[in-house]
Every structure is written in C-alpha cells, then in structure tokens.
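Look over the model below before you read on. The report then takes its parts one at a time.

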There are 2 protein chains.
Amino acid sequence: MDAETTVNADSTARPAVPALAPTGLTPAGLAPAEPAAADGAGDGSGALAVTQPPTIYDVARAAGVSIASVSRVLNGRRNPRPETRDRVLQAVAELGFVPDGAARALSVRLKEVAGVIIRLPWTSRNPEDLFADEEDSLQFPDMINRGVAEAAQRRGFDILVRSVDLDEHDPGGRTLALARKSDGLLVHDRVLDPDQLEWLGRQVPVVTLAAVATPLTVNVRSDNAAGMRDLARHLLHDHGYRTISYIGGHIDSPDSIARFEALAAEVASAGATLLDRACWQGDYTAGGGARVINNLLDRRTDLPRAIVCANDQTAIGVLYALERHGVRVPDDVAVTGFDDIPVARHLQTQLTTVRQRIRELGATAFEVLYSMINRETPASRDVVLPTTLICRRSCGCAGGDPS
Amino acid sequence: MDAETTVNADSTARPAVPALAPTGLTPAGLAPAEPAAADGAGDGSGALAVTQPPTIYDVARAAGVSIASVSRVLNGRRNPRPETRDRVLQAVAELGFVPDGAARALSVRLKEVAGVIIRLPWTSRNPEDLFADEEDSLQFPDMINRGVAEAAQRRGFDILVRSVDLDEHDPGGRTLALARKSDGLLVHDRVLDPDQLEWLGRQVPVVTLAAVATPLTVNVRSDNAAGMRDLARHLLHDHGYRTISYIGGHIDSPDSIARFEALAAEVASAGATLLDRACWQGDYTAGGGARVINNLLDRRTDLPRAIVCANDQTAIGVLYALERHGVRVPDDVAVTGFDDIPVARHLQTQLTTVRQRIRELGATAFEVLYSMINRETPASRDVVLPTTLICRRSCGCAGGDPS
DNA sequence: GACACCCCGGTAAGCGCTTACCGCTTGCCG
DNA sequence: CGGCAAGCGGTAAGCGCTTACCGGGGTGTC
C-alpha cells in the first residue's frame, strides 16, 4: 500500500481545519492518463481532480453535430434521425458527458432540488446533558427526511438539507438562500414562525411538516387527535388507569398541543383525572423527560398511574429517570410515547406508543411540494395521515414484541 | 396476545400518491394579501406560490443603478461608494432579493454544494427481516452526514444527499448526475467499486469514507487497528477471556477487514484462540448478527467466551439472539460492538464498544473535499482519526454508563 | 493650469444549457 | 415531373449572474 497515512492524533483539533500532515508529495503514477477522445480544455494541473468535465460543445464536436442536436437527443425532443442519435449517444458515452446541473437549471428554470429545513439538533453546546449526544442525534426528523428523499428520487429530485440554529439571528435569510438553491422548501416544525413562512411562501413553494398551514403554505401532519384518542382509551378503559399526566413537547408545538387536547378530552369524558400540566413541561428530548421526573421525585410528588409523553424521546428519558429512582414500569407507573421510533423497541421496557407513518409523512410532503412546484394548486392545505396504536410492555400490556 | 393493536386501519394507501384529505374548504380569508413593497413582475396567477422571486435586474432598477453595481455591492468587490451601497442594500432588503443559485453557480463555476452518496438503507424490500425497519433506519452513515453538513455549513456549502441502491444497474451514471449538481463528492463505503471511483475522480473531486484511497481520490477513516487493539487487549488481559470470535461486516469492507486483522493479531500474541471465521459472517446489520447466533445455537455449537462484532448494529442483533436462547451476557458470553452509536447505551445490556468520532469523520471528510474543490493538493490521501474504547456492561465490566 | 492617475459605474461578454425559429432536404402526391 | 408538406439540423437568443474592460470625472502633482 503506497498511500501516505496520517494519524490525526491531536484530537483536540479545532474541527474546522483537518490537521493534514504537510507531506507535500505528489502521488507518483498520476500521469493525467487521458484515455482518448476528450480533448476538452484540459488545464494540465497536477491536482487530484484533473480534467474539466466535458461540455455539450465537446460532445457536439466529437459527434460532428451542433449542440442543439446533442441537447435534443439527450432530452428526447423532436425525434432525431437514428444516425444522429447514435453518433451523439456514442460521443456522450465516450466522454462520459452529463449536463451541468446549474446550466440546465438556469435554462429550464428548474433545479430539481428540494430544500429541507430542519432544526439544528447537534446540540454540542450543552455537553452537560446526559443525553446530549444521543437523543439529539437522529430520530424523528431524520426518518421524515428519508421519506422525503425517497419520494424525491422517484421524481428525479435531490434534497438539499439545511439545519438552522434556533437562536440564529436571521433564520429567514439563511433560509431564503437555501430557497434560491432549490425549487421549493420543506420546513420542519419550529424552525420558522408564521410570518416568516408567509413571507417565504410568497417567493417559493413551501410545505411545512407537523406545523399549521398558512394561506400560502401547505402543511402535512399525522392525525394526532385520533392517535392520542386511541391511546387514551386504551389506558383508560383497557387498563382502567384513573390518573394520568402529560409531558408536553415544546410549549408551542402544534403536535404537542393537539395531542394534549385529545388526551384531555378523553380523560374528561372518562371521568378520570388529568394532573395539572404546569410542571410537566418537556421539550421533546429525553433529557427533558428525565428532568421532569427527577424534579417531581426530588420533591416527593406522587406520580400518576400513567404518564403520557409527547413523543418517544421524552418517554425514553422518563423511563430512564424512573428506573434510577426504583419506580417500576409498568407495575407502578405506565409510560407511553408517541412516534414509534426504532429505539422504542430496544428499551429495557419496550415502549407502548402511537405509530406515525413517518416516512410516508415525508414522502407525502414531498409529493405535495412537487405538485406546487409544477404550479398545481393542491387539493388541501392541511394533509393528515393516519396513526396506529402500538401496545408493548410499558403501558402494562403483556407483550414483548411479536412482529 | 394483545400487542400491536391496529386502530386507524383505513389507509392501505400506496405511498406514491398522497391521500389528500378532500376537505376542499378553501379558507375564508385567502385574499392574496399583497402587502406592499414588491412590485416584481407579478403574474397574477391564483396558485399558491405567487410572485416570481426578484432578479438582480429588479434590484438594479429599484436602486437606480446597473446590475454590475448590485453584484459588486453584494459580493463586496471594489468597494462601492457608500451612497451606492446604501441604495442597493435598501433595494435588496425591500425586495428580499437573494441571487439565484443556479445562475451564480454557472457564472462563478462553483455551486457551493457537496454531493453525498450513501448506500440505500431503506430496505423495505426485505420485510421478513425482524430488524428491517429499525436497523436499516438511521445510524452510522447518518451521523457521519451530520458531521459533513455541519462542516459544510461553515463554508457556506450545502449537501445534496443521494442514496443508491446496491443492485442498481448503473450506479455510476446516477452518481455522475449527482456530481454535476455539486462541486465534489463524498462517497460512503461500499457504494462504488474502485474502478468507478477512479473514473469519477477524473471528473470531480472525490473523498471516500471508510474505504481505501485511489490515486485520484482521498479516503477518511477511523483508526480501526488501534481501536480494535485496545478492545482486544481489554478482553484478553483485563478480563482474561481465552476464546474469542469475530462477526464480520460485509466481506469486502475495509473497515471490517482491518478490525479483524487487528483482533487476530492481538489474540495470537496473547496465545488465545480465535474461532474460525467462516460461519461468523455478518453484514453490519442486527439481522445479520442475530442470524449468525441463531444458526450457531441451532446447531448446538459451543460459544466462545467473547463475541467481538464488526459494529454495534451487529452486536445488537447478537444480544437479542443470545437473550432469546437464554444465554446470559456478559456472564456466559461477552459481546462487544464498534462505533458507539447512540442506541448502544439503551440496550438492556449496555454495550461495550469502540467509539469512533463519527461526526468528526464527516467533518474532516468535508474539509478535505473542500480543499480539493479549491484545487489544493491534499497532504495525505489517507486520513485517519483516533478511536476510544468505551467499557460498559456487555464485556463483563461493572459499569452502567460513567459518562 | 495641465496632465497623469485613481475611483467607481456602466456596458457587455460570457458561464453551459435549452429551445424558438429558420431553412434545407427529402418524400409524396397530383 | 413539379410543388408542397413534413422532418430535421443549425443558429442564436436567452436563463440570471459575475467580472473584465472602458470611460468619465475628481484629485494630486509639477
């Protein structure tokens, strides 16, 4: 093996600049082994990426036709003569030509790129937090993105993902910049306020996820109300729990609010007790869930029979905190989540939760965006996807996981 | 058993077409409340995204200057007169102008986009697999991408992520297409073979992750050898285990091979026994790990004292399978992983593993790519990042998690 | 007071691609 | 065998931006 190896031992390295050892040796057998054909305006530099990619002019020249013909062949317009087509195709193959994205985008006014804006989760700025580097890793939004990417691919789109820091001075600006690199925007919850969305929606197609629709934007979400209703009834009627509390997500999260309201309604109509919500405020993270429980138990507050969490992450934190205090789940307290993220199954106490069709959420959002990009007017500005109750151990059901 | 209660059964929906709830109610106050300012070439369409975004010409007109001046102000060239600058800036602010990415890219020959190629993990095509929808969700590569995105952002780049299906007819083609939408490519392991990489590297800067360098591409990886050495010594000397086996990742994975070799070397020099590798072939997934164990136990093979897995995912599957067979970890058999993905901590038996600086891996890879895009010749074509041994319960150490 | 110089704004030439438009060729029909 | 239509290739005009180049007016200098 001839490649020089650098062990980056000084691991305290400022992450910005990689500590590349200054070897400076230019790899030996790096003759610009230009295979054939291409005569492109090569610039004989000794750098790693050697040749400029061929342009449509190179292809035209190689095939002995005009650039228009090349373009037509490539785009299947106007049915060129077979001979022409073959010549072009061969030249294309020889040169490995692929049209430049920017040039094409400029010309057809379509970039085939969807921008995705996600809230910055890489909270390295709170290293104290026990869960910092894990919960904040990848979960719900990432799975949505998977769905988005999948759907996008089917349409020949790629997705450009940008995380914005919540306390950024100018989320709108950075967002708009992303917008101008794409044909439309998919905005995750809680990164932009309604005004900004409104404003953005004026310039580009915008679809929000798990938020609320504005006059110019479309929203895609799960059926929180139905999901929570199912869960609540299960706890209230199947298990007969009479005291329940809810650990919310972010205070202004539409999802969290909708879930709470559905829960409250069911609890009320069952004549059970819903503990006051004030000190039960989480933030969608495991750390938040654990904090709530720790606070409560430190103050020797009585726990309800069941704790309903705004999402699975929160529930994970809750389970963790309860365990540390020796509270048994589900025997002493039942705990439930929402989302059904993958980890939910690996917990010591497998988590009862409400499954959202997360990937489908993303896929749907993309499809809606796609239609907007094509200047169609979507049928609905508030698209709702169904949910499924998943009973596992943490609510008191027998189950391991049968699936 | 009452598990997995399905409630909201209504949608067998094909994922392609979103089931738009036919609400049909067009919200009352939906007047295209055009507030002020913008006069842009409005096209009075009734669609959702109304106005074409302003161009540099609009700004120039509004500010009463030429487009060149606008561009200069925006790009900080040639220090324009304060008055000019102010006029332009104000017009920009009023119109909310942001330059079109494609046009800018075409002009400066820089897209400020890095392409990331990842192997398609959304294996919905193997629904039999117990772990299908979870392991194949998001883990190691996703975290790398986080690091990439983070570093990219610092340089004003965005990342374009493309998953390619392994058994795709033409990964090279789809990949090249991505390449022409970006300035350079970051290629995860096992999506392209060396020839394709070589070929690609001729046209655009390419950095591979956890692979091997080629004459035209640079590789970034963790120090597998050192990490595995530490782990092996811990098992051999601190715990005194004498029989060990290794469950590999994909057979041709450079990471897996390097880990195996380091392990083998340590085992040999300690005079312990490394069980034959043949039937211990995994595939980096939990399903693969579980399968190995199940096969073994079905055939009543004796287990070694310690099972070293190529990665955490595999270890998760192994733990799961062992548990089902009533084998106690770590009392009967010790199990270890590699990577230290977040879940590793949430397992019933917390996983001893080797931590890679996953995000840093991505960040470094981007920085290398960035330098290549700037036509610098990287100092090293094989960049190696350090690793850390993380002892938890599954190897036989006392711990919960000390961190 | 004239000349050289500098500063800054405008004009215009691309960047690589698509496509409207034009005109030549060929085929067909009368 | 002539005329017309259809088919196909080429030419050129952008898409929205950056920037080299040019030219006009204000300064500095003998």
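Helix H10 (residues 254–270) of chain B lies across S6, S7 and S8 of chain B, and runs at about 170 degrees to S6(B). Contact here means that two residues have C-beta atoms, placed from the backbone, within 7 Å. Axes are lines fitted to C-alpha atoms, for helices over the stretch in contact, and angles run from 0 to 180 degrees between N-to-C directions. Helices (H or I, at least four residues) and strands (E, at least two) are DSSP runs, numbered from the N terminus.

This is a predicted model: local features need pLDDT of at least 70, side-chain atom pairs count only at pLDDT 80 or more, and totals for chains, interfaces and linings use all residues. Residues are numbered from 1 along each chain as its sequence is written, while chains are lettered from A and ligands numbered from 1 in the order in which they are written.

Now the sheet in chain B. Four strands form an open sheet in the order S7-S6-S8-S9, with parallel pairing. Two strands pair if DSSP finds at least two bridges between them. The edge strands, S7 (273–274) and S9 (334–336) of chain B, each pair on one side only. Strand S6 (residues 243–247) of chain B pairs with strand S8 (residues 306–309) of chain B in the parallel sense, over four bridges. Ser245(B) stands opposite Ile307(B) in S8(B).

Next, a helix pair in chain A. Helix H11 (residues 286–298) of chain A packs against helix H12 (residues 312–324) of chain A at an angle of about 40 degrees, with axes 6 Å apart. H11(A) is therefore oblique to H12(A). Angles under 35 degrees count as roughly parallel, over 145 as roughly antiparallel, 65 to 115 as roughly perpendicular and the rest as oblique.

Last, the DNA. A residue is near a strand if its C-beta atom, placed from the backbone, lies within 6 Å of it.

Among the residues that come nearest to DNA strand C are Ile56(A) and Arg81(B). H2(A) gives the most to that surface, with six residues. Around DNA strand D, the closest residues include Arg81(A) and Ile56(B). There H2(B) gives the most, with six residues.
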